[in-house]
Amino acid sequence: MPKVHIIVGKEEHSLEVGEGDNLLFEAVSRSVMIPFNCTSGRCGTCRVRVVEGAEHLSEMGDREELRLGDEQVEKGYRLACQSFVFGDVTVEVPQPRLY
Ligand code: FES
């Protein structure tokens with residue numbers, strides 16, 4: 001099963017997920033708070049930076065690419081709500097919020 005490491009500020013969370021599971025849904029359903037709003041790739045709130053394992057995420061769709069823009073795509077950002085996990089990956093939440 002794929003392992004997802006999520007860095008939120010000084011905390012690091014490790015989750016085991018099923019192949020093809022949605023990154024945002026798996027994180028939030030286990031109380032790892034990646035900020036989100038629309039869950040449809042429109043708002044950009046759920047962006048995360050992929051530190052390792054980008055090749056283990058689903059391909060970036062047009063909507064996601066458009067929302068992030070070239071600069072963030074080049075820096076390794078993805079929208080968690082549009083990312084499905086197919087292998088080990090490490091992501092960082094850039095602006096952690098406290099809930
Ligand atoms: S929650 Fe809006 S783009 Fe992911």
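# Legends to the close-up views

**View 1. A27 in helix α1.** A27 lies in helix α1, which spans residues 23–29; helices here are DSSP runs of H or I with at least four residues, while strands are runs of E with at least two, both numbered from the N terminus. The model is a predicted one, in which local features need pLDDT of at least 70 and side-chain atom pairs count only at pLDDT 80 or more, whereas totals for chains, interfaces and linings use all residues. Residues are numbered from 1 along each chain as its sequence is written, and side-chain values use heavy atoms, with hydrogens and water left out. Because its relative accessible area is 0%, A27 is classed as buried (buried means under 20% relative accessible area, exposed over 50%, and partly exposed in between, with a 1.4 Å probe and protein chains only). Between A27 and V48, which stand 21 residues apart along the chain, the C-alpha separation is 12 Å.

**View 2. The protein as a whole.** The protein contains 2 helices and 7 strands, and their order along the sequence is β-β-β-α-β-α-β-β-β. Its C-alpha atoms occupy a box of roughly 30 × 30 × 20 Å along the principal axes. Of the 99 residues, 37% are buried.

**View 3. R42 in the loop between α1 and β4.** R42 sits in the loop that connects α1 with β4 (47–52). With a relative accessible area of 55%, R42 is exposed. R42 and G20 are separated by 22 residues in sequence and, from C-alpha to C-alpha, by 21 Å in space.

**View 4. The salt bridge of K3 and E16.** A salt bridge, defined as a side-chain nitrogen of Lys or Arg within 4 Å of a carboxyl oxygen of Asp or Glu, joins the side chains of K3 and E16 at 3.7 Å, N to O. This pair links distant parts of the chain, with K3 in strand β1 (residues 3–8) and E16 in strand β2 (residues 11–16), 13 residues apart. K3 is partly exposed at 37% relative accessibility, and E16 is partly exposed at 39%. The count of salt bridges in the model comes to 5.

**View 5. The salt bridge of E64 and R78.** The closest N and O atoms of E64 and R78 lie 2.7 Å apart in a salt bridge. Distant parts of the chain are linked by this pair, since E64 belongs to helix α2 and R78 to strand β5 (residues 77–79), 14 residues apart. Both E64 and R78 are buried.

**View 6. The salt bridge of E92 and R49.** The side chains of E92 and R49 form a salt bridge at 2.9 Å, N to O. Here too the pair links distant parts of the chain, E92 being in strand β7 (residues 89–93) and R49 in strand β4, 43 residues apart. E92 is partly exposed at 27% relative accessibility, and R49 is partly exposed at 29%.

**View 7. A patch of negative charge.** D62, E65, D70 and E74 gather in this patch on the surface. Patches are made of residues with over 30% relative accessible area and no salt bridge, like charges being joined within 9 Å and nonpolar side chains (Val, Leu, Ile, Met, Phe, Trp, Tyr) within 5 Å. E65 is placed in helix α2 (residues 62–74), and its relative accessible area of 36% makes E65 partly exposed.

Key
Areas by Shrake-Rupley, 256 points an atom, 1.4 Å probe, with all protein chains shown as cover. Lys, Arg positive; Asp, Glu negative; His and termini not counted. Charge placed at Lys NZ, Arg CZ, Asp CG, Glu CD.
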